[in-house]
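I opened this one to get my bearings, one stop at a time. Here are my notes.

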Amino acid sequence: MAKIPVRMGDGYLVEMTESEIMKDVEDGVQDAVTKAKVPPLTEDEMKHLCEIYSRREKFVGIEPGKEVVISHDEGTAKLTAGPSGGAGAALDIGRTTALLIYERLFASDTAELAHLDYSFKPLKPILGDEQVAAEEALLAVTIPVFYGCMPNLGLYTAPDGPFNNPIDFITEGKLQEARAAAEQMVEAGYKDMVYIAGGMTEAGVDCINFDTVGAAGDYDFVAALRAVETLKQKYPQARVEMGMAGEFVLGIHGGLTYAGERVAGMYPLRQLKVMEKAGVDIFGPVVRIVTRKSCAWNQARNLTMLKPVCQEATIPIHVEIAMGVGAVPLCTVPPVDAVSRATKSAIEILPSMDGI
Amino acid sequence: MAITHAIAGGMGGIRAAGDLVARMQLSRHMRINQAKEYVANKLHVSVKDLCDPVIMGQVRDELKLGLIEQKPGRTRGMEAKFHIAEVLGIEINSVNKFKAKAGLSAI
């Protein structure tokens with residue numbers, strides 16, 4: 001049987017037969033069903049996914065009429081930052097120019113202003129500078145301008161921050177101390193997020209993008225949800241996109257709740273419900289790649305977990321399809337063949353997917 | 001990767017109507033089909049025309065919504081967003097801020 005080139009989750013090409021690709025699709029679906037306790041994709045959906053990943057073209061696309069909105073994480077930092085900005089292009093250009101590149105050259109529907117140090121905590125001393133940058137950019141840019149930032153509550157732990165690391169306490173068996181440290185960081189992170197996001201909303205940005213929410217665990221997620229709730233109360237004109245760090249919220253604290261729901265252990269469907277209650281306007285669900293599996297396996301798992309999210313959402317869903325998530329390989333320059341297959345299959349299989 | 005997404009499945013930004021549909025998602029929580037129908041109605045085009053850069057180029061030029069190609073006298077940036085807010089019937093944060101700071105409104 002003829003072999004087909006297929007990307008693995010680490011970015012390297014292997015060759016598989018069509019039946020091997022189909023087996024990977026079935027296994028990926030089953031993994032999602034087991035872990036997230038969601039229904040499987042239908043037979044037709046699995047066959048369609050297999051057909052997409054069995055194609056030999058370098059680039060695949062959708063039919064006209066099925067297009068979705070594109071939003072971004074890290075935005076301008078991808079152009080202006082170097083290695084500290086995450087595989088950035090290190091172009092010596094201003095951020096307004098970077099936004100205009102997204103608008104006029106990349107045909108993007110939205111663009112994101114971001115600082116090189118892409119977390120809320122480091123921005124506290126320089127909020128004014130970010131506000132001026134936004135005000136300048138908003139005069140020139142036509143497409144919606146988001147301001148992106150990560151809660152990244154890990155920055156609040158010593159030596160970078162003032163609090164003890166809950167993980168250190170857990171390894172010592174001091175669970176009460178771990179929980180207390182996490183609760184302190186929720187308060188600190190929440191205040192900082194409201195301050196920064198409120199300031200950028202005052203500057204006029206169209207949306208605040210809370211990126212990689214939950215990266216530090218359940219306390220990171222709760223701090224962000226509370227921040228959104230307060231932000232919307234203080235600034236009715238504020239809009240929020242919230243993108244997760246992973247498909248699963250890690251229970252570092254284990255007992256933190258939001259709106260009566262324990263957040264530890266939440267998969268995307270339950271994440272959606274608490275986000276809708278908090279007032280999030282666009283949800284970016286994430287399913288992380290498994291690098292030792294093929295992109296076909298990963299996309300089958302991804303779409304199975306996210307199909308009920310797209311079906312039940314009352315807010316737009318912008319599925320995260322980026323480096324290391326959404327069946328895009330974990331490599332600094334994601335291959336076009338993998339990205340286009342992930343984009344096409346997500347749009348054609350997920351019901352009413354609103355964006356990427 | 002941004003370019004790959006845009007070409008594989010994006011709406012085309014200001015080449016077409018992608019930014020307008022995005023604004024309806026943000027301002028009114030519209031899901032994709034609802035947002036496309038809303039924008040198409042407001043622009044008096046069909047939904048399938050929304051991603052056609054030839055048709056949308058003419059529409060955007062006529063309604064002063066901003067285009068890729070820069071020419072003297074064409075609206076861009078804040079000027080275009082004033083028209084976008086009016087045509088779509090939505091509030092745009094930066095437009096309202098501009099009006100307030102320029103003394104164009106009582107906000």
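This is a predicted model: local features need pLDDT of at least 70, side-chain atom pairs count only at pLDDT 80 or more; totals for chains, interfaces and linings use all residues.

**Start of chain A**

I began with strand S1 (residues 4-7) of chain A, which pairs with strand S2 (residues 13-16) of chain A in the antiparallel sense, over 4 bridges.

**Helix H1 of chain A**

Next I checked the length of helix H1 (residues 18-36) of chain A.

Which residues of H1(A) are buried? I listed A:Ile21, A:Met22, A:Asp24, A:Val25, A:Gly28, A:Val29, A:Ala32 and A:Ala36. They cover an arc of only 155 degrees around the axis, so they sit on the same side of H1(A). That sent me back to a rule I keep forgetting: an α-helix has 3.6 residues a turn, so residues three or four places apart point the same way. On the other side of H1(A), I found A:Ser19 and A:Thr34 exposed.

What do the buried residues of H1(A) pack against? I wrote down S1, S2, helix H2 (43-53) and helix H11 (295-312), which belong to chain A. Just after H1(A), A:Lys37 takes a positive phi of about 55 degrees.

**A look at A:Ala300**

I then picked A:Ala300, which lies in helix H11 of chain A. Is A:Ala300 buried or exposed? I counted 33 other C-beta atoms within 10 Å, so A:Ala300 is buried. A:Ala300 and A:Asp24 are 276 residues apart in sequence, yet their C-alpha atoms are 8.1 Å apart in space. Leaving aside neighbours within four places in sequence, I found A:Ala300 in contact with A:Val25, A:Gly28 and A:Val29, among others. That list also includes A:Leu41, A:Met46 and A:Leu49.

**Where the chains touch**

I moved on to the contact between the chains: 47 residues of chain A are in contact with 39 residues of chain B. On the chain A side, the elements that give two or more residues are helix H4 (95-104), helix H6 (127-140) and helix H12 (336-349). H12(A) gives the most, with 6 residues. I sorted the chain A side by type and got 25 nonpolar, 13 polar and 9 charged residues.

From the chain B end, I looked at helix H1 (residues 2-9) of chain B. In H1(B), 6 of the 8 residues are buried, so the helix is largely enclosed by the rest of the structure. The buried ones are B:Ala2, B:Thr4, B:His5, B:Ala6, B:Ala8 and B:Gly9. What covers them includes H4 and H12 of chain A.

**Chain B as a whole**

I finished with an overview of chain B, which has 6 helices and 0 strands. Its radius of gyration is 14 Å, close to the 13 Å that the globule rule gives for 107 residues, so chain B is as compact as a globular protein of that length. Along the principal axes, its C-alpha atoms fill a box of roughly 45 × 35 × 30 Å. I also noted that 46% of the 107 residues of chain B count as buried. Of the contacts in chain B with a separation of 6 or more, 32% come from residues 24 or more positions apart.

Terms used:
Residues are numbered from 1 along each chain as its sequence is written. Chains are lettered from A and ligands numbered from 1 in the order in which they are written. Two strands pair if DSSP finds at least two bridges between them. Two residues are in contact if their C-beta atoms, placed from the backbone, lie within 7 Å. Ala, Val, Leu, Ile, Met, Phe, Trp, Tyr, Cys and Pro count as nonpolar, Asp, Glu, Lys and Arg as charged, and the others, Gly among them, as polar. A residue is buried if 20 or more other C-beta atoms lie within 10 Å of its own, exposed if 12 or fewer, and partly exposed in between; C-beta atoms are placed from the backbone. The arc is that of the directions from the helix axis to the C-beta atoms. The radius of gyration is taken over C-alpha atoms; the globule rule is 2.2 Å times the number of residues to the power 0.38.
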